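Subject: Structure for you to look at

Dear colleague,

I am handing over the structure shown below, and I would be glad if you could read my notes with it open beside you.

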Amino acid sequence: GLIFNTRLQGSYSFYENGDHQEYLGLGMGPELVFGSFKNKYFDYTRLSVFPFYKFNNGESVFKFDQNLENFTLDIALDQQLMGPLILKSMGTLNLTNDSDNYGEFIDSKISLSWKKRSYEFGIFYQPHNQSGGISFDLFGFQ
């Protein structure tokens, strides 16, 4: 299948000293899905490409909280290996020309998950900050 994802995101921060920082972010991109988990091996692949642009204004009083990356590209690939075992990878590529880390992946994650209809359990590693852990998600609860 072909899915077209969109996102509209905004943020406004006001600080005690009168400084402020805000942005409006827009993104849209395709997601391709092949397969449907009907076969035991390699019957599901998902590829997503999602460009995202932020219109920034102002500055944060905190160095860690600056809106530095105006233009990014999120890339994700999921591949069923066997049964409910899925290998997932995702990364955010910085495409902001005047950024110190232009052309680098500023966020990334590789995971191996056991995915069922109502839950997903897995292990992950984040190369960009050399950390890892376990994850657990429940689906369908409102």
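Strand S1 (2-14), strand S3 (44-58), strand S4 (71-82) and strand S6 each supply at least two residues of the lining of the largest pocket, where a strand is a DSSP run of E with at least two residues, numbered from the N terminus. Before going further, please keep in mind that this is a predicted model, in which local features need pLDDT of at least 70 and side-chain atom pairs count only at pLDDT 80 or more, while totals for chains, interfaces and linings use all residues. Residues are numbered from 1 along each chain as its sequence is written, and side-chain values use heavy atoms, with hydrogens and water left out.

The largest pocket has a volume of about 340 Å³. Its lining is made up of 18 residues, of which Lys54, Glu69, Thr72, Thr92 and Ile106 are the closest to its centre. The strand that gives the most to this lining is S4, with three residues. On a 1 Å grid over the protein atoms alone, a pocket is an open set of points where a 1.4 Å probe fits, with protein on both sides within 12 Å along at least five of seven lines, and lining residues have an atom within 4 Å of a point. Grid points are joined across faces, edges and corners, and the volume is the space filled by probe spheres set on the points.

Turning to charged side chains, a search of the whole structure finds four salt bridges, a salt bridge being a side-chain nitrogen of Lys or Arg within 4 Å of a carboxyl oxygen of Asp or Glu. One of them joins Arg7 to Asp74, with the closest N and O atoms 3.6 Å apart. This pair links distant parts of the chain, since Arg7 is in strand S1 and Asp74 is in strand S4, 67 residues apart. Arg7 is partly exposed, at a relative accessible area of 33% (buried means under 20%, exposed over 50%, and partly exposed in between, with a 1.4 Å probe and protein chains only).

Glu31, Arg46 and Asp78 are linked in a network of salt bridges. Between Glu31 and Arg46 the closest N and O atoms are 3.4 Å apart, and because Glu31 lies in strand S2 and Arg46 in strand S3, the pair ties together parts that are 15 residues apart in sequence. Asp78 and Arg46 meet at 3.0 Å, N to O, and this pair links Asp78 in strand S4 with Arg46 in strand S3, 32 residues apart. Glu31 and Arg46 are buried, and Asp78 is buried as well.

Which charged residue is buried yet has no salt bridge? It is Glu22, whose nearest side chain of opposite charge, Lys54, is 13 Å away (Lys and Arg count as positive and Asp and Glu as negative, while His and the chain ends are not counted). Glu22 is found in strand S2 (residues 20-35), and its side chain makes polar contacts with those of His20, at 2.9 Å, and Asn57, at 2.5 Å. A polar contact is a pair of N or O atoms within 3.5 Å; within protein, one must be able to donate a hydrogen and the other to accept it, and residues adjacent in sequence count only if both atoms are side-chain atoms.

Finally, Ser113 sits in strand S6 (residues 105-115) and counts as buried because its relative accessibility is 3%. Its side chain has a polar contact of 3.0 Å with that of Glu120.

With best wishes

Note on methods. Helix = DSSP H or I, 4+ residues; strand = E, 2+ residues; numbered from the N terminus.
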